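This briefing describes one protein model for use in computational work. Please consult the sequence and the structure shown here alongside the text.

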Amino acid sequence: MIGFLDRLSRPFLRALDPEDAHNLALKALRLMPRGRPEPDPPELKVRAFGLNFPNPIGLAAGFDKNASAPDALLRLGFGFVEIGTLTPRPQLGNPRPRLFRLEADGGVINRLGFNNGGAAVALARLAARSREGGIVGVNIGANKDSVDRTEDYVRLIETFSAVASYFTVNVSSPNTPGLRNLQQAEALDELLSRVIEARERVRARSGQTPILVKIAPDLTLPELDDVVGVARQHRIDGMIVSNTTISRPSSLRDREKAKETGGLSGKPMFRLATRMLAETYVRTENAFPLIGVGGIDSGATAIAKIKAGATLVQLYTGLVYQGIGLVGRMKADIAAALKRGNRDSLAAMVGVDAADITAESWPT
């Protein structure tokens, strides 16, 4: 039934302004009848960051910014859902229009700017669903006008530690001026030091909540060396590779919309994000797991991310073009690939192509 409604509604939603369509989809999810998804095959189970994931496919941050419908999304078959990006105070974000579909390319450009209702609203919703189970991560960021952006991350760690399955420290959005500067070695060192300290302060009441860092695909390799080095020094639990890109691949066909300011996601950034994933994997030397994001729109692209070094994957833009049925198809494709390879878990596939990918010419 859900698949039928998805196919029926998709042309209607695609005819709307992208942001209006997104808001309508969230409202529909909140009204969706409760039900249980089909159990996942045991071979799709993944253990990472001290958590047990029923399958490796997650919903990336940005879709459910305010924790409006995490349980409805989990019931669609995701192995985990990441809400946010959240900031301590409510934030309107950048002026509309700020979301653009590149239909011919299977991509999206956004310059939303961390629009969200603030920590208090999301905290109440997550606290109310705390007995529901399922893995719900919290993606955290800083208010645009904050005097001390690092303090914003600290406050959010303290605020959400009891209700977050894990935290994603977002220092890679291109839509908050200066935010990506927090990826620089000295700034990142201070940020992670204070974030880890904050987690330890609340550990007695909240337990050990994993902390991940989400990075940009536009880092140079020396910058990536610094980021991975700082992350390993602070013994973070994982990294997400990657956020949207400010680059515009030469292959883009929708040249007019490509001129819009903002971060590009979806199919056009698959090669760049996958290259950065492989580069990160070889640098981490299995110190912690990685989540691969960027351009995933099929089982084949998800498998490619895993072989490039991802223990888990996330998607968002792929849903815009293919609908929620994509999740089930991806799981079936991954299970079939494991069967063909006579593997009983995904762990044996992680990173097998990483070294070869890093030897290829750089994506343009």
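Predicted model: local features only at pLDDT ≥ 70, side-chain atom pairs only at ≥ 80, totals over all residues.

Residues are numbered from 1 along each chain as its sequence is written, and side-chain values use heavy atoms, with hydrogens and water left out.

**Annotated positions**

- An unreviewed UniProt entry lists Ser173 as "active site"; UniProt positions are given in the numbering used here, with shortened feature names, and annotations may be inferred rather than shown by experiment.
- Ser173 is found in the loop between β8 (167–170) and α6 (185–206); helices (H or I, at least four residues) and strands (E, at least two) are DSSP runs, numbered from the N terminus.
- With a relative accessible area of 7%, Ser173 is buried; buried means under 20% relative accessible area, exposed over 50%, and partly exposed in between (1.4 Å probe, protein chains only).
- Apart from neighbours within four places in sequence, Ser173 is in contact with Phe114, Leu179, Arg180 and Asn243, where contact means heavy atoms within 4.5 Å.
- Under "binding site", the unreviewed UniProt entry lists Lys65, Asn110, Arg111, Leu112, Gly113, Phe114, Asn170, Asn175, Asn243 and Thr244.
- Phe114 is located in the loop between β6 and α4 (119–128) and counts as buried at 4% relative accessibility.
- Not counting residues up to four places away in sequence, Phe114 touches Thr85, Thr87, Gln91, Gly141, Ala142, Asn170, Ser173, Thr176 and Leu179.
- Lys65 occupies the loop between β3 (57–59) and α3 (70–75), and its relative accessibility of 12% makes Lys65 buried.
- When residues up to four places away in sequence are not counted, Lys65 touches Gly84, Thr85, Leu86, Leu112 and Asn115.

**Aromatic pairs**

- A pair of aromatic rings is described by the distance of the centres and the angle of the planes.
- Four aromatic pairs are found in a search of the whole structure; rings of Phe, Tyr and Trp (its six-membered ring) pair if their centres lie within 6.5 Å, and planes under 30 degrees apart count as stacked, over 60 as edge-to-face and the rest as tilted.
- The Phe53 and Phe80 rings have centres 5.0 Å apart and planes at 80°, so this pair is edge-to-face.
- Because Phe53 lies in strand β2 (residues 51–53) and Phe80 in strand β4 (residues 80–86), the pair ties together parts that are 27 residues apart in sequence.
- Phe53 is buried with a relative accessible area of 2%, and Phe80 counts as buried at 0% relative accessibility.
- The rings of Phe63 and Tyr316 also form an edge-to-face pair, because their centres are 5.6 Å apart and their planes stand at 85°.
- Phe63 lies in the loop between β3 and α3, and Tyr316 in the loop between β13 (312–315) and α10 (317–322), so the pair ties together parts that are 253 residues apart in sequence.
- Phe63 counts as buried at 11% relative accessibility, whereas Tyr316 counts as partly exposed at 23%.
- One aromatic cluster is formed by Phe49, Phe53, Phe80 and Tyr166.

**Helix α4**

- The buried residues of α4 are Ala119, Ala122 and Leu126.
- These residues are on the same side of α4, because they cover an arc of only 75° around the axis; the arc is that of the directions from the helix axis to the C-beta atoms.
- An α-helix has 3.6 residues a turn, so residues three or four places apart point the same way.
- The exposed residues Ala120 and Ala128 are carried on the face of α4 turned away from its buried side.
- Elements covering the buried residues of α4 include β4, β7 (136–140) and α5 (149–160).

**Three-stranded sheet**

- Three strands form an open antiparallel sheet in the order β5-β6-β11; two strands pair if DSSP finds at least two bridges between them.
- β5 (99–102) and β11 (263–266) stand at the edges with a single partner strand each, so one side of each is left without a neighbour in the sheet.
- β5 and β6 (residues 107–110) pair in the antiparallel sense over four bridges, and Arg101 stands opposite Val108 in β6.

**A further buried residue**

- Thr284 is placed in helix α8 (residues 270–284) and is buried, with a relative accessible area of 0%.
- Leaving aside neighbours within four places in sequence, Thr284 is in contact with Val228, Arg232 and Leu290.
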